[in-house]
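Hi,

Here is the structure I said I would pass on.

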Amino acid sequence: MSDIKKSRVAIIPCDTYDEDTVYECLKKGLRELGGIEEFVSPGEKILVKLNLLSAAQPERAVTTHPSVLKAVLRILSEADCSFVRYGDSPGYGTCESVIKMLGVEEECFGAKSTSMSEAVHVDFPEGMTCREFDFCKEIVESDAIINVCKMKTHALERITGAVKNVYGFVCGYRKAAGHVKFPNATVFARMLADIHRCTKPRLHIMDGIVAMEGNGPGSGDPVPMNVLIVSRDPVAIDAVFCYLVNLDPEIIPTNSQGIRMGIGTDKEEEIEMILCGKDGSRVITKSELFEKYGNPDFDVPRGKPRGTFLMRYSGLMTRLARRPVIDTSKCVKCGICVNHCPVPGKAVEFKNGKDNPPVYDYKKCIRCYCCQEMCPKHAISAKHGLLIGRKRKDKR
Ligand code: SF4
Ligand code: SF4
């Protein structure tokens, strides 16, 4: 018998956003982790951190669904937690506008929404990649953070889940500077792990009832995955997401760097998966989980991150490299992508005047995909170099 202490992950099948059903499912999952009382106490200041990327209808799967938020708040209220706030720091727009779009009241089960718009500088000398942050004031003021993330694809990190969701702790526009300072998926993932090490969220809940595939995190397609996932280990939650879509967890930078920096595990032998079904709870294996609830066609980049030695030195890598591309038929020339490009001197610009779509300078572009994430018309997607050429040829 192995004596490894495993990360416990509760997986709760749920195929509806009916509020009572989501509440019952979440409660069932938390019971497997010892109940909400394992994570918070009544006298504590609690922040429920959502994924409120932008003001989109809940059905678009851009944000944490309001039913999941309400279930969390209801459970906290029943546990006599009287100082609870909820929100996020969206990359574009305000927290208030996103919450309004979700149709949630400013006060819900005694909890209040909070704007997360004021920054506080935090030194973190123990940081392995990042030693200072400009966090939202609410992060610093809270005793306990509950991270309620969304199951989605992500152009930079391939997926966004529990590990990536903490980037919203960084206040407003300051997120853009982080992309320049940590300019690739690996180093960015290490910085995210430092945020976890610094802020230590107590509990992670993933809304995977309807996930987003394809051009995530803001412009992809909703796809039912019919699960809620709960754990105190953020990497293990993201690993279960990978298991469900038959994606190698090792190629996800937030997993591999999260492990290296000690915030969790993606190894099946180190994760105890508990399936909380209608007939009770039991341990489930990765293969059985995939067989019963998996989606092999989930649209997410699956290729290995590095090319062969020969490919790199033949220049093929440069031509193959993914890059943001504008679908000019969808572009309304709003300039949001230009405004959000964090690179000094801009890697996307109105080179042909504001009556034409912006144009990329791929030599300057660091592939942070802030432009893709923020485009309100879903006109930008990440494509491989050779595919861009092929599409152009097809169009001619
Ligand atoms: S943000 Fe999107 S719609 Fe706006 S200019 Fe850029 S590509 Fe066009
Ligand atoms: S052009 Fe887009 S992907 Fe490239 S650096 Fe600017 S925001 Fe990032």
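This is a predicted model: local features need pLDDT of at least 70, side-chain atom pairs count only at pLDDT 80 or more; totals for chains, interfaces and linings use all residues.

**Helix pairs, domains and the ligand shell**

Let me start with a crossing: α7 passes α8 in a left-handed way, meaning that the near helix is turned anticlockwise from the far one by less than a right angle (clockwise would be right-handed). Helices here are DSSP runs (H or I, at least four residues), numbered from the N terminus.

Residues are numbered from 1 along each chain as its sequence is written, with chains lettered from A and ligands numbered from 1 in the order in which they are written.

Back to that pair. Helix α7 covers residues 234-244 and helix α8 residues 253-260; they pack at about 150 degrees with axes 10 Å apart (axes are lines fitted to C-alpha atoms over the stretch in contact, and angles run from 0 to 180 degrees between N-to-C directions). Pro234, Val235, Asp238 and Ala239 of α7 meet Thr254, Asn255, Gly258 and Ile259 of α8, where contact means C-beta atoms, placed from the backbone, within 7 Å. By class, that contact has 4 nonpolar, 3 polar and 1 charged (Ala, Val, Leu, Ile, Met, Phe, Trp, Tyr, Cys and Pro are nonpolar, Asp, Glu, Lys and Arg charged, the others, Gly among them, polar).

Further up the chain, α1 (residues 19-31) packs on α2 (residues 66-78) at about 55 degrees, axes 9 Å apart. So α1 is oblique to α2, and the crossing is right-handed.

As for domains, the assignment (automatic or from a database) gives domain 1 (7-293) and domain 2 (309-395). Their centres, taken over C-alpha atoms, are 29 Å apart. In the contact, 13 residues of domain 1 meet 16 of domain 2, and the domain 1 side has 8 nonpolar, 5 polar and no charged residues.

Finally, which residues come nearest to ligand 1? Of the 14 around ligand 1, they are Cys331, Cys334, Ile336, Cys337 and Cys375 (near means a C-beta atom, placed from the backbone, within 6 Å). The shell has 11 nonpolar, 1 polar and 2 charged residues.

Cheers

Terms used. Two residues are in contact if their C-beta atoms, placed from the backbone, lie within 7 Å. Helices (H or I, at least four residues) and strands (E, at least two) are DSSP runs, numbered from the N terminus. Angles under 35 degrees count as roughly parallel, over 145 as roughly antiparallel, 65 to 115 as roughly perpendicular and the rest as oblique.
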